[in-house]
Amino acid sequence: MNGFIRAILFGNYFYGCCAVALSVEATLQQQYPLNPPQYYLLLFCVTVVYYTHAYIAEPAQSDGANKRTAWYSRHRRFVRYSQLSLTVIALVSAAALLVPLWQNILQMQVHQWIILLIFPLVAGLYYGSVLPGSGAYNLRKLGWIKPFVIGFVWAGAVTWHPVIFHDLQNNLHSNPGLVGFLLFIKNFMFITMLCIMFDIKDYAADHNQHLKTLVVQLGLRHTLFYVLIPLTAVGLGTFVLYGVLRHFPVLRILINTIPFVLLIIVAYSLHRRKSILYYLAIIDGLMLVKAVCGTIGITLIK
């Protein structure tokens, strides 16, 4: 069982599940119907392939200093087979979704193309080349901007891409709207905070490599008490205010505050050193908690 859990976490399959769950949550919160299963299968596969790509491109390492890198070294053949399989599934899913809609695709408006393409483009610039590590320039080297880039891409992919595909299916040309924009900001803030927490894990390595992440520039304590906790509290307060103004049921507001409260608790816990599995299971797990709470709040509480 321990090996299976490591495979799910180290192999980035958990990221794929979180992407699907967040996409379902944002779709329901914007009061759109869910997309076909092929859409979520495509999202899952692309997420796993993208995150795994960085690790299989790195030279094999056999030492156990980095447990995640060592896992990839021991399971390199399995990972390559998984990447190939998921890529094929993604291509088949994309073809099944898009080929019947080719006429609608030709009629897409400029703002739809921008929303559709800007997030994959930024995701590509994050690595800077087809083979991670071989590009002279990439957004990863700008340490302070890394969390915001990742938060931006995730927020767009799970908040606005499902709406774009729904409009594409029905040949519509709607704009995201106020609710969609606020949900984008909420997802952007939440995931950015998680990314900053991940930079805490790499503090020593980033400091030695002169990578100026927020944690390296501000220090651990200042990052926790002057960035993570205050911004999370602001996000929590903003959501509560939005819920009150929109006359949400009290129970729906309370359920949706759970991820923010947990984020503050987990952030405070990082003043002590944690294992890589803690970051992958607990911190990344907050994305799944957020998605589940949001879905329950919008579907079961009227």
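Guide: Let's start with a cluster: F119, F148, F152, W160, F184 and F188 are linked by ring pairs. Rings of Phe, Tyr and Trp (its six-membered ring) pair if their centres lie within 6.5 Å; planes under 30 degrees apart count as stacked, over 60 as edge-to-face and the rest as tilted. Please keep in mind that this is a predicted model, where local features need pLDDT of at least 70 and side-chain atom pairs count only at pLDDT 80 or more, while totals for chains, interfaces and linings use all residues. Residues are numbered from 1 along each chain as its sequence is written, and side-chain values use heavy atoms, leaving out hydrogens and water.

Across the whole structure, a search finds 20 aromatic pairs. One of them joins F225 and Y268 edge-to-face, at 6.1 Å centre to centre and 75 degrees between the planes. This pair links distant parts of the chain, 43 residues apart: F225 belongs to helix α12 (residues 220-245) and Y268 to helix α13 (residues 250-269). Helices here are DSSP runs (H or I, at least four residues), numbered from the N terminus. F225 is partly exposed, at 32% relative accessible area, and Y268 is also partly exposed, at 44%. Y278 and Y279 have ring centres 6.3 Å apart and planes at 85 degrees, so this pair is edge-to-face. Y279 is buried, with a relative accessible area of 2%. Buried means under 20%, exposed over 50%, and partly exposed in between (1.4 Å probe, protein chains only).

Key:
Helix = DSSP H or I, 4+ residues; strand = E, 2+ residues; numbered from the N terminus.
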